[in-house]
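Dear colleague,

I am handing over the structure we spoke about, and I would be glad if you would look through it alongside the notes that follow.

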Amino acid sequence: MDEIAITLNGATVNGSAGMTILELAQKSGIYIPTLCHDPHLKPVGACRVCLVEDEKTGFLLASCVTPISSGMKINTASEKVLEARRTVVELLLAGHPDSCIICDKGNHCQLRKIASELGIGHIEFDRIRRFYQIETTNPFIERDLSKCIMCGKCVRGCQEIEEIGAIDYAHRGFRAKPATALDLPLEQSNCEFCGLCVFLCPVGALTDKLSKYTGEVKESIRTVCPYCGVGCSMYLNVRDKEVISVSPAEERSVNGISLCVKGRYGYDFINSSERLQTPLIKKNGVFTESTWEEALRIIADRLKSIKENYGSPALGGLGSYRCTNEDNYLLQKFFRAALGSNNIDNSDMVTMLPFLSGLEASFGMGVTTNSIEEIENTDVILAIGSDITESHPIIGQKVKRAVKVNDALLFVVNPADIKIIRVADIHLKNQVGTETALINGLINVVIHEGFYNREFVNTRTEGFDKLKDHIVKYSPEYVEGITGVLAEDIRRVARSYACAERASIIAGQGSIQNGDGKEIAIGLANLALLTGNIGKEGCGIFYTVPHNNLQGAYDMGVMPDYLPGYQRLNDPNSKEKFEREWGIKVPGATGLTAKEMLHAAKEGKIRGIYVVGNNIVLSYPDKNYTIEALKSLDFLVVQDIFMNETAELADVVLPAASFAEKDGTFTNTDRRIQRIRKAIDPLGKAKADWEILAELSTMIGYPMKYESPGHIMEEIARLVTLYGGISYDRLEEGGLQWPCPHKEHPGTEFLFKDGFEKRHGKLIPIDYITPAGSSTFIPEVMLLNSGTGTMVRMSHGLSSIVHISNEIKVGK
Amino acid sequence: MDLSSLDKILSEYKNKKGALVTVLQKVQSEFGWVPPETIEPISKALKVFNSEVYGVLTFYSQFYLKPRGRYCIQVCLGTACYVKRSEDNLRKIKDELNIEVCETTEDMKFSLDAVRCLGACGLAPVLSINHDIYGSVKPKLIKEILNKYE
């Protein structure tokens, strides 16, 4: 790149072409005050505080928008510059209220900081105030536009970064202000309360209601969001052992400076007064508080007696998509090693497994293939069955940015008019449950119009001829008849997808709710394989995992048929490896799934169930059946952060630490293992799940001695090749994506770069089967409903907005 | 309100970049104002944020978010008219119609605006009603002028 030399305050400095004066000054360590500038936003030169003097002409230039040019002589602090800046800031102050003493922005106010740097005290201008009503009706953001300095950061953040566009400048001149359409309150606009505007606001015009007047943050601890599967990095801001606010952690994160409403404002469940704080034992139908010693002793005795009387298979365990990898690993180890039962399943009963097993059949590995960051730089996106902006807002944001910033084409397959169709090029509005037919229609066009990647198909796949014969009947016209999607649209989408340099597929929960998730996954894999859109950057198939650590729960072998790291129970080598490490025989027979466990409980074959972090009464279909099954147990233990419908039925309830109160790791949707860190001590007597399990196991006669979750991860790394190179030391530098087989391995951003697991990707014909009975469409309302709502319901802001959004939806 | 003619305008400009002002002008000439319920369909069709549509609507004084009267009175307050006491004319109209600037009479007959220069300074003070221009207007002539409109 061309070097350009300019003189900055008398010294010669070099910058590259396209750099602004401000950027070069910052690089050279020269301070220029700014109010409207933010490196994440396009510069607009609105505030004029960054003025500098061109010494040759004497002109004042806004340094944030002026590119450097060769031979330029710039003075950033001449008397002329300072005088101009002072005038600009004094004019701003003339329209700004003197409410600093009660303004929550306090010492973080940029206007106040710059005013004091410029030596501004008394303002000689006439004060003209703008009077606006303080807007406080929504639960998250308080707007006091009388303090607004019109820097436009909120507007630009909302439009450029989030692509939500709830606000824009309205009116003109002195009356100008940021406003929603028709100047309605935020909660009646399309605001999603991601809170970025508050984060960017340099003054006190926008403030967080939840953290208002909670004082200065003493410590910020980096961790990972406990809601959806994106795995956003964030800081928990702590004061007096309480999390008072959350801010995004930008460096080495999937989310940059963005968070969604759940991440940013959903943290107040942590300090909820409803949290479980002591172990509870049910005596004569009533819970009474107990000590840990007593509670664990009862559990140990009861589990042991069930094992002795009915055998190990009479015990079952249910892990959690909320808990850490270490918690989940220990739970399955506790069941397999200490209790000798493979009856272990995670709390995800219906959502993810079919889809992933489809991908496994095709690629040999059932997991999201590429990285979330790549979505922004792809040319074509096919989003299927996923209301991404609701369920995974940060992935939704990347999709919108791909379209709006990088001109990607977006095709949305969804029976409903979801939000993202606003930016889509084509909305393939299919009949519910006809996705497989639609995918076959796309494949038909790709093959018969000759758009498939011959080289890729020949060298890296198998089964082409069979697929070609099979697909004949799925002509676009035939598929139109089934799906209701126009044949012409099917053709256009197939051609665009096949001809793109890089094309990705994003599939979500909605694509698997009709019981054909596996077929859909295989169909999508066929499409990716035929067009070579797999095994390279910016391509692949994403499955948007619904929960923060559901991926991790699977990875950790919280499944009845797999040991950690998807190592089969019936593979003697794997089994032996675990037996050596654990020093005990691992039971060989495949255990029961969660569903089977409930059946078995009703039949009296399962006598005791241990539930960790999961409200199965709500999360499993047929609530009454689940309740009956749990009631027929001899013994039920629930370990959770709140009393919930499942815990009500338990014999012993153990108070667990929340994500903010423990160390560990979560694995997100793109296989990224990231550290969560303890920010505060557990509430009351609560303990981390891994700690509870280790103590219990030791009590039961199978000692588990771990000093910290880091030691558990060392054991996981020894046993699970995919996690082989993972250690807490390395995770300090940011997340690592598995497979990461050894300590020097940098992690894997996208899979199958060097071929598929079983050498070839398999093209597998699938058929559209008319759904038996009526297909029901279950709209995703995931943004505000997460899991069973244990956390959301305990977050005041989130729970109230769920109410508002339901009202609005009903109103429509 | 019947918005069926909106679709025709929007289908012409669907997904066109930079067409927002044109579309808003067409909508306004179709309905006489820009009904708020058109903002959402316009924003969808042009793929712009609804807040942006509102921003543009409120930026330009030529757009009206409230229904307009059948006759739009524009009283010039530009320099030439101002020194010729056009404010007196404005006051008289306000009194006659019992409305303020930017308002419309209840019977939806007249809307009143104060504008800067109609480009007829030689005739100052000037006012216009729809496309009729009145020059050298005096307060005592106002009633007569207004009475011309049914």
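The domain bounds quoted in this message come from an automatic or database domain assignment. For chain B, that assignment gives domain 1 (4-59) and domain 2 (71-147), and the C-alpha centres of domain 1 of chain B and domain 2 of chain B lie 30 Å apart. Please keep in mind throughout that this is a predicted model.

Chain A is divided into domain 1 (3-94), domain 2 (120-269), domain 3 (280-351 + 549-721) and domain 4 (353-544 + 761-780). Between domain 2 of chain A and domain 4 of chain A, the C-alpha centres are 36 Å apart, and 12 residues of domain 2 of chain A are in contact with 12 residues of domain 4 of chain A. On the side of domain 2 of chain A that touches domain 4 of chain A, there are 6 nonpolar, 3 polar and 3 charged residues.

As to the overall build of chain A, the model contains 26 helices and 31 strands. The radius of gyration of chain A is 29 Å, close to the 28 Å that the globule rule gives for 812 residues, so chain A is as compact as a globular protein of that length. Its C-alpha trace spans about 90 × 70 × 55 Å along the principal axes, and buried residues account for 55% of the 812 residues in chain A. Of the contacts in chain A between residues at least 6 apart in sequence, 70% join residues at least 24 apart.

Turning to where the two chains meet, 13 residues of chain B are in contact with 16 residues of chain A. Helix H3 (39-46) and helix H4 (50-59) of chain B each supply at least two residues of the side of chain B that touches chain A, and H4(B) gives the most, with 8 residues. By class, this side of chain B has 6 nonpolar, 4 polar and 3 charged residues.

Finally, a word on confidence. The mean pLDDT of chain A is 91, and 95% of the residues of chain A reach 70 or more. Where pLDDT is low, the predicted coordinates should not be read in detail.

With best wishes

Notes: Residues numbered from 1 in each chain as written. Chains lettered and ligands numbered in written order. Predicted model: local features only at pLDDT ≥ 70, side-chain atom pairs only at ≥ 80, totals over all residues. pLDDT = per-residue confidence, 0-100. Contact = placed C-beta atoms within 7 Å. Nonpolar A, V, L, I, M, F, W, Y, C, P; charged D, E, K, R; others polar. Helix = DSSP H or I, 4+ residues; strand = E, 2+ residues; numbered from the N terminus. Rg over C-alpha atoms; globule rule 2.2 N^0.38 Å. Buried ≥ 20, exposed ≤ 12 C-beta atoms within 10 Å, placed from the backbone.
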